[in-house]
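Student: I have a model open and would like to learn how to read its local features. Where do we begin?

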Amino acid sequence: MNALLTRVTRELPSVQSRWLRHLLKSVGLLALLWGCWLLVYNTGGASGAYTYVMLLPVLLAAAAYGLAGGLAMALAGSLLIGPFMPLDVADATAQPLEHWLVRGGVFLMVGTVAGGLFDFLRQAARKQIRAARVDSTSGLLNQTALKHDLGVRIANPEAGTLAVVLVRATDLVELVDVIGIERADRVMGELGDHLQRVCPELRCVYRFSTSELACIARTRGHRELKRLARRVHDVAGTSMEVDDAPVRIEPALGIGHAGGEGEIQPQEYIRRARVALRRAISGESKWVTYEPALESSGGESMQLIARAEKALERGEFELHYQPKLTLDRREPAGAEALIRWRASDGLVAPGAFMPKLENTSLIQSFTQFVLRTATDFARSGILVPVSINFAPRNLADDTLVNELIKGLRETGTPPEHMEIEITESTLMREPETAIRLLSRLRDHGVGVSIDDFGTGYSSFAYLRRLPATNLKIDRAFIRPLEGDGKSRRLVLAMIEAAHSLDMSVTAEGVETEAQATILAELGCELGQGFLWSPALPGDELRAWLDRWRSTT
């Protein structure tokens, strides 16, 4: 009841304004009709030359109110020009009945034709406007309608915080693969309708893009806005029935709103919502509310990416190699190649640029650099096999696999001297594509290692099908080994699972001799970590190997 009263109160001014416009329009048309009647009367009567000036209010009424308005005004005009209008005012000659009936018929015909024509044009314009405002695939209002409605709400301010909430179905691509694009469109339409039904705080829901919905909301403050975001996320993530089948999406939200500067332009609300949504997706958050700090972060990210591209051209990047050792005999048995940026002001930490580069097309150029440099190092045979990391975008690019195979063939590098490492989360993004590309590498003799195992969500069904030769246990499981029996049993289960799939096991992040001893007892073949060495440039790795061999 309170919501209904609030809505009525909010819409009351617009209703009053609409009735006032109709009243003024009607009064104006009647005044014009009366003025035209006076003109005809004062110029001689129904036989004068100004008789058909009475059609002017008929046409205007038809334009304003369509067929009903044209007929009503034509009837009023025919009555005024008939019994109430003499044929000749000067000698008070009465107008013959058939004379005004014919003229009245002409008025009614003009009113009917004009009113029908204006109704047709108005309906056509209404359909055209609707087509321009509605997404035909989902039935929801579209981005054009969103911008217009935002502009209207900004021009008619209300109390509270106005915000745009962007909802993205982050897994829509996977959904399309399963149910098809048409049913996926229906899912987005059903989701929009569901949000409007369950969340009355949302003024309207719009189809913003293929995988995104936009909502307009006005709340009483930022705390209530956050509660609304949490509610929208929960509602969007619930299962729905589409074509009698349960469907669920994985939503991410970005909320754009004005700060202390007051109301802003519609496009700025949308831009801020996109900035927040991008941060929610990259940070794997459920939802993010816009803050100015997000802008500086995004700007710094763009500048860093631009700097990295130029730095690659200038040759500022290099590879460092962290050795791996056998845990039973403690002998060097390979190395992982890790990219480093030697800028003019010193080394830039990989965590500062690699996560950003992995989300851009530039990762292809950087991976090509890593492939060439690591292949040259592997060809020397100093410490092999040499492992390199593939990002998610790399697994969608057949050319990188082709280049690696071609590079091995042209340089004469044995394929078993190279190994590709992929994280299990990368594997599960496009498992079928990953299996296909990695199978090609295995067919040519290149090793395949699953990195950071235990931190993602690998399916053992995919692990069984994956042509992997090695499994790397994440450092998070190695750190508590010394004092935690559960951690030991968990690591043992991972090792036994890998062995059952004919994989060797590498433990990363080994920092103490006790950890190395426990891992060897559990059957882990290889170790990698600061216990033996950090990642080193090629020359320093050679020196490290010389020292190692001289002391053993």
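Predicted model: local features only at pLDDT ≥ 70, side-chain atom pairs only at ≥ 80, totals over all residues.

Student: What is the length of helix 12, and how does its reach compare with the 20 Å expected?

Tutor: Helix 12 runs over residues 398-411, which makes 14 residues. From first C-alpha to last it reaches 20 Å, close to the 20 Å expected at 1.5 Å a residue.

Student: Which residues of helix 12 are buried?

Tutor: Buried here means under 20% relative accessible area, and exposed means over 50%. In helix 12, the buried residues include Leu-400, Val-401, Leu-404, Ile-405, Gly-407 and Leu-408. These residues lie on the same side of helix 12, because they cover an arc of only 160 degrees around the axis. Arg-409 and Glu-410, on the other side of helix 12, are exposed.

Student: What do the buried residues of helix 12 pack against?

Tutor: They pack against helix 11 (362-380), strand 12 (418-423) and helix 14 (431-443). Thr-375 is buried, with a relative accessible area of 6%. Apart from neighbours within four places in sequence, Thr-375 is in contact with Leu-404, Gly-407, Leu-408, Thr-411, Thr-413 and Met-418.

Student: How many salt bridges does the structure hold?

Tutor: There are 24 salt bridges. One of them joins Arg-122 and Asp-119, whose closest N and O atoms are 3.4 Å apart. Both residues lie in helix 3 (residues 97-133), three residues apart, about one turn of the helix. Arg-122 is partly exposed, with a relative accessible area of 27%, and Asp-119 is partly exposed at 24%.

Student: Which residue does Asp-149 meet in a salt bridge?

Tutor: The side chain of Asp-149 meets that of Arg-133 at 3.5 Å, N to O. Asp-149 lies in helix 4 (residues 143-155) and Arg-133 in helix 3, so this pair ties together parts that are 16 residues apart in sequence. Asp-149 is buried, with a relative accessible area of 15%.

Student: Now the backbone. What should I expect of phi and of peptide bonds?

Tutor: Most residues other than glycine have a negative phi, and most peptide bonds are trans. You can check some backbone values here. Arg-330, a residue other than glycine, has a positive phi near 55 degrees. Arg-330 is found in the loop between strand 8 (317-326) and strand 9 (332-343).

Student: What is the phi of Asp-502, and is Asp-502 buried or exposed?

Tutor: Phi of Asp-502 is near 60 degrees, again a positive value in a residue other than glycine. Asp-502 lies in the loop between helix 17 (485-500) and strand 15 (504-508). Asp-502 is exposed, with a relative accessible area of 70%.

Student: Which residues does a cis peptide bond join?

Tutor: A cis peptide bond joins Val-384 and Pro-385, with omega at about 0 degrees. Pro-385 is found in the loop between helix 11 and strand 11 (386-389).

Student: Last, the surface. Which residues form a nonpolar patch?

Tutor: Leu-67, Leu-71, Leu-75, Leu-79, Phe-84 and Leu-108 form a nonpolar patch on the surface, with about 490 Å² of accessible area together. Helix 2 (residues 55-80) gives the largest share of the patch, four residues. Leu-75 is found in helix 2 and is partly exposed, with a relative accessible area of 46%.

Terms used
Residues numbered from 1 in each chain as written. Heavy atoms only, no water. Helix = DSSP H or I, 4+ residues; strand = E, 2+ residues; numbered from the N terminus. Expected span 1.5 Å × (residues − 1). Buried < 20%, exposed > 50% of the residue type's maximum accessible area, 1.4 Å probe, protein only. Arc of directions from axis to C-beta. Contact = heavy atoms within 4.5 Å. Patch = residues over 30% accessible without salt bridge, like charges linked within 9 Å, V, L, I, M, F, W, Y side chains within 5 Å. Areas by Shrake-Rupley, 256 points an atom, 1.4 Å probe, with all protein chains shown as cover. Salt bridge = Lys/Arg side-chain N within 4 Å of Asp/Glu carboxyl O.
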